Amino acid sequence: MRENVAFGSSLHQPANAQLLEDSLALFGLHSLVHRSPAKLSGGERQRVNLARAFARPNTKLMLLDEPFTGLDLKLRDQLIPRMSQFLAARGIPCISVTHDVDEALLLRADIFRIDRGRILDHGPARSILADERARLLDALR
């Protein structure tokens with residue numbers, strides 16, 4: 001699985017080997033490095049995909065499309081701050097596409113609400129999604 005994460009890059013070079021190890025640690029994959037892809041669960045495969053993206057040297061921008069699909073909420077909630085720290089430490093901006101209000105709030109980022117290709121609103125997640133979050137909470141009551 002380590003080779004899967006390093007596939008198509010220069011991560012085996014000593015200068016980039018630490019990035020590979022950091023990415024494996026970030027997504028909690030060290031205990032799975034000896035498993036073949038066929039033996040991984042859907043959530044584990046998703047974490048391998050994320051680790052592969054985060055292990056790329058010289059990344060200028062990260063674009064994530066529904067990155068937490070297949071992960072349980074507890075794991076998602078643990079990964080979001082760790083991923084944010086990882087990217088901030090390397091100065092890598094990130095655009096993340098999500099339809100999950102809680103996920104957007106956890107990301108604590110500026111968001112764009114888009115409908116049918118038109119930007120409806122833009123700003124901090126807390127203010128832009130406050131009405132949507134209240135609506136969802138009312139629906140649960």
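Start with the nonpolar surface patch: Leu61, Leu63, Ile95 and Val97 make it, at about 360 Å². Patch residues have over 30% relative accessible area and no salt bridge, with nonpolar side chains (Val, Leu, Ile, Met, Phe, Trp, Tyr) joined within 5 Å. Areas are Shrake-Rupley, with a 1.4 Å probe. A salt bridge is a Lys or Arg side-chain nitrogen within 4 Å of an Asp or Glu carboxyl oxygen.

Take Ile95. It sits in strand 2, residues 94-97. Strands are DSSP E runs of at least two residues; helices are H or I runs of at least four. Ile95 is partly exposed, at 44% relative accessible area. Buried is under 20%, exposed over 50%, partly exposed in between.

A caution. This is a predicted model, so local features need pLDDT of at least 70 and side-chain atom pairs 80 or more, while totals for chains, interfaces and linings use all residues. Numbering runs from 1 along each chain, and side-chain values use heavy atoms, without hydrogens or water.

Now inside. A nonpolar core joins buried Ala, Val, Leu, Ile, Met, Phe, Trp, Tyr and Cys residues through side-chain atoms within 4.5 Å. The largest has 27 residues; Val5, Phe27, Leu29, Phe54, Leu79 and Met83 touch the most other members. Helix 4 gives the most to this core, 6 residues. Beyond four places in sequence, Phe27 touches Arg47, Leu50, Ala51, Phe54, Leu79, Arg82 and Met83, counting heavy atoms within 4.5 Å as contact. Apart from this core lies another, of 7 residues, including Val101 and Ile128.

Last, confidence. Mean pLDDT (the predictor's confidence per residue, 0 to 100) is 86 for the chain. Helix 1 is lowest, at a mean of 70; strand 1 is highest, at 95.

Note on methods
Buried < 20%, exposed > 50% of the residue type's maximum accessible area, 1.4 Å probe, protein only. Patch = residues over 30% accessible without salt bridge, like charges linked within 9 Å, V, L, I, M, F, W, Y side chains within 5 Å.
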